[in-house]
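Subject: Model handover

Hello,

Here is the structure I promised to pass on. Please open it next to this email and follow along.

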Amino acid sequence: MVMATTQSNRLEERFRLWDRNGNGVIERSDFEREADDIIARLGAQGTPQADKLRETYLGMFDKLSEAAGSARMTRGEFLSAAEQEIISKGDAGFSAVVRPTIEAIVGILDRDGDGEVSPPEMHGWFAAIGLDGQVADQAFRQLDTDNSGRLTVDELVDAVRDYHLGRNDIPLLGR
């Protein structure tokens, strides 16, 4: 019951954050704005990586809006679609819907081209989503499950999944 409440609260918070213009529905333009804001905060405008991030954000919107049956998702429609397409499918849902976005974010953050996120790259990500460096350091230590000193896409997807399932409190996609 606690986990279900946490899931619901975190999805409701996600709805509120993605409803960028505050009109009570999530539209494609909300996801475009979110992607563009992340790209700008990471200083990646005009790069192929920025195009990929925008594409994956819009792909995530398309998948959720298709499941909701609406191009303008109300809170209830979004919660239902996220539950159907992501939460209820577990790892498969997070891999299908969330992983492409995480891969695209890593593509922007990964300054040294190794396909993983280093602590300084994590600082860039957290600064872009409005969280400070101490939070980034603490999150990095918690997420580096193999203690390699780098975060893989798998570790990051698992962390986003665990956040939405109430298993950790690390908001990798922003607050």
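How many cavities of 30 Å³ or more does a search of the whole structure find? The search finds 3. Bear in mind that this is a predicted model.

**Cavity**

The largest cavity has a volume of about 110 Å³. Its lining is made up of 14 residues. Closest to the centre are Leu11, Trp18, Ile86, Val98 and His164. Helix 1, helix 3, helix 4, helix 5 and helix 8 each give two or more residues to that lining. Helix 1 has the largest share, with 3 residues. By type, the lining divides into 12 nonpolar residues, 1 polar and 1 charged.

**Core**

Next, the packing. In soluble globular proteins, nonpolar side chains tend to be buried together. Here the largest nonpolar core has 52 residues. Phe78, Ile102, Met122 and Trp125 have the most contacts inside this core. At least two core residues come from each of these helices: helix 1 (2-18), helix 2 (28-41), helix 3 (48-68), helix 4 (75-85), helix 5 (90-109), helix 6 (119-128), helix 7 (133-143) and helix 8 (153-164). Helix 5 supplies the largest share of the core, 9 residues.

**Rings**

The count of aromatic pairs comes to 5. Take Phe15 and Phe78. Their ring centres are 5.9 Å apart and their planes stand at 45°, so this pair is tilted. The pair links distant parts of the chain, with Phe15 in helix 1 and Phe78 in helix 4, 63 residues apart. Both Phe15 and Phe78 are buried.

Now Trp18 and Phe31. This aromatic pair is tilted too, with 4.4 Å from centre to centre and 45° between the planes. Trp18 lies in helix 1 and Phe31 in helix 2, so the pair ties together parts that are 13 residues apart in sequence. Are these two buried or exposed? Trp18 has a relative accessible area of 3%, so it is buried, the cut-off being under 20%. Phe31 comes out at 0%, so Phe31 is buried as well.

Ring pairs join Phe15, Trp18, Phe31, Tyr57, Phe61 and Phe78 into a cluster.

Two arginines come up here. Arg14 lies over the face of Trp18, at 5.0 Å from the ring centre. The charged end of Arg10 sits over the ring of Tyr163, 4.1 Å from the centre of that ring.

**Backbone**

Two residues remain. Most residues other than glycine have a negative phi. What is the phi of Asn147? It is near 55°, a positive value in a residue other than glycine. Asn147 is found in the loop between helix 7 and helix 8. With a relative accessible area of 66%, Asn147 is over the 50% cut-off and so is exposed.

Pro100 is found in helix 5. Its relative accessible area is 30%, so Pro100 is partly exposed. The C-alpha atoms of Pro100 and Met60 are separated by 8.4 Å, while the two residues are 40 apart along the chain.

Over to you.

Best wishes

Key
Residues are numbered from 1 along each chain as its sequence is written. This is a predicted model: local features need pLDDT of at least 70, side-chain atom pairs count only at pLDDT 80 or more; totals for chains, interfaces and linings use all residues. Side-chain values use heavy atoms; hydrogens and water are left out. A nonpolar core is a set of buried Ala, Val, Leu, Ile, Met, Phe, Trp, Tyr and Cys residues joined through side-chain atoms within 4.5 Å. Buried means under 20% relative accessible area, exposed over 50%, partly exposed in between (1.4 Å probe, protein chains only). Helices (H or I, at least four residues) and strands (E, at least two) are DSSP runs, numbered from the N terminus. On a 1 Å grid over the protein atoms alone, a cavity is a set of points where a 1.4 Å probe fits but cannot get out, and a pocket is an open set with protein on both sides within 12 Å along at least five of seven lines; lining residues have an atom within 4 Å of a point. Grid points are joined across faces, edges and corners, and a volume is the space filled by probe spheres set on the points. Ala, Val, Leu, Ile, Met, Phe, Trp, Tyr, Cys and Pro count as nonpolar, Asp, Glu, Lys and Arg as charged, and the others, Gly among them, as polar. Rings of Phe, Tyr and Trp (its six-membered ring) pair if their centres lie within 6.5 Å; planes under 30 degrees apart count as stacked, over 60 as edge-to-face and the rest as tilted. A charge sits over a ring if NZ of Lys or CZ of Arg is within 6 Å of the ring centre and within 35 degrees of the ring normal.
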